[in-house]
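Hello,

Here is the structure I promised to pass on to you. Please have a look at it first, and then read my notes below.

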Amino acid sequence: MDLQTAKYIIDHYLQLLPFEEKGVIQMTLAKYLRLSLEPGTAVSIEPDPIATKYYRKNGWLSDNEDASVMLKMGRDQFYILVASKIKERYDSKIFMNNCPKCGKLCRTTMAKQCRYCRHDWH
């Protein structure tokens, strides 16, 4: 899965996850955003016990890993991991809106114009 597809799935289908999991993921993404906005911030993130519990429950962490390891793997890899889990669980509910002309992924699920080739199918 590429990063663009992962962001599309997270942006449009994160609500498919149960409330607790969605909250943990949003909290983790907020930590990434805060770190990327603060210049000169050291990347030492303490593991969140709530996040660690849900990551282990959902099989995203094994017993020998820690939430800080997941956070340190990088934002892009975290997006891809979360999106692949969402796609794995809810594949039948996910609609990938691809351009009928060039086949590339559109910006939103309701888009009717391709941002790459400018094809319009209104």
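Predicted model: local features only at pLDDT ≥ 70, side-chain atom pairs only at ≥ 80, totals over all residues.

Let me begin with the overall layout. You will find 5 helices and 0 strands in the protein, so that the order from the N terminus on reads α-α-α-α-α. Of the 122 residues, 34% are buried. If you take the contacts between residues at least 6 apart in sequence, 52% of them join residues at least 24 apart.

A word on confidence. The mean pLDDT of the protein is 80, and 74% of the residues reach 70 or more. Among the elements, helix 1 has the highest mean pLDDT, at 94, while helix 4 (residues 67–72) has the lowest, at 62.

The largest nonpolar core holds 21 residues, and Ile-9, Ile-25 and Ile-86 have the most contacts inside it. Two or more residues each come from helix 1 (3–13), helix 2 (19–37), helix 3 (49–57) and helix 5 (75–90). Helix 5 is the one that gives the most, with 6 residues.

You can find Leu-14 in the loop between helix 1 and helix 2. Is this residue buried or exposed? Leu-14 has a relative accessible area of 8%, and because that is under 20%, Leu-14 counts as buried. Not counting residues up to four places away in sequence, Leu-14 touches Ile-9, Lys-22, Ile-25, Gln-26 and Ile-86.

Between the C-alpha atoms of Lys-85 and Asn-58, 27 residues apart along the chain, the separation is 9.0 Å.

Next come the aromatic rings. How many aromatic pairs does a search of the whole structure find? The search finds 1, and this pair is formed by Tyr-8 and Tyr-13. Their rings are 6.5 Å apart centre to centre, with 55° between the planes, and the pair is tilted. Both Tyr-8 and Tyr-13 are buried.

Finally, please look at the segment after helix 5, where Lys-112 lies. Lys-112 is partly exposed, because its relative accessible area of 39% falls between 20% and 50%. Leaving aside neighbours within four places in sequence, Lys-112 is in contact with His-119, Asp-120, Trp-121 and His-122. The C-alpha atoms of Lys-112 and Cys-99, 13 residues apart along the chain, are separated by 8.2 Å.

Arg-118 also lies in the segment after helix 5. Arg-118 is not a glycine, yet has a positive phi of about 65°. With a relative accessibility of 56%, which is over 50%, Arg-118 counts as exposed.

Best wishes

Conventions: Residues numbered from 1 in each chain as written. Heavy atoms only, no water. Helix = DSSP H or I, 4+ residues; strand = E, 2+ residues; numbered from the N terminus. Buried < 20%, exposed > 50% of the residue type's maximum accessible area, 1.4 Å probe, protein only. Contact = heavy atoms within 4.5 Å. Core = buried A, V, L, I, M, F, W, Y, C linked by side-chain atoms within 4.5 Å. pLDDT = per-residue confidence, 0-100. Phe/Tyr/Trp six-rings, centres within 6.5 Å; stacked < 30°, edge-to-face > 60°.
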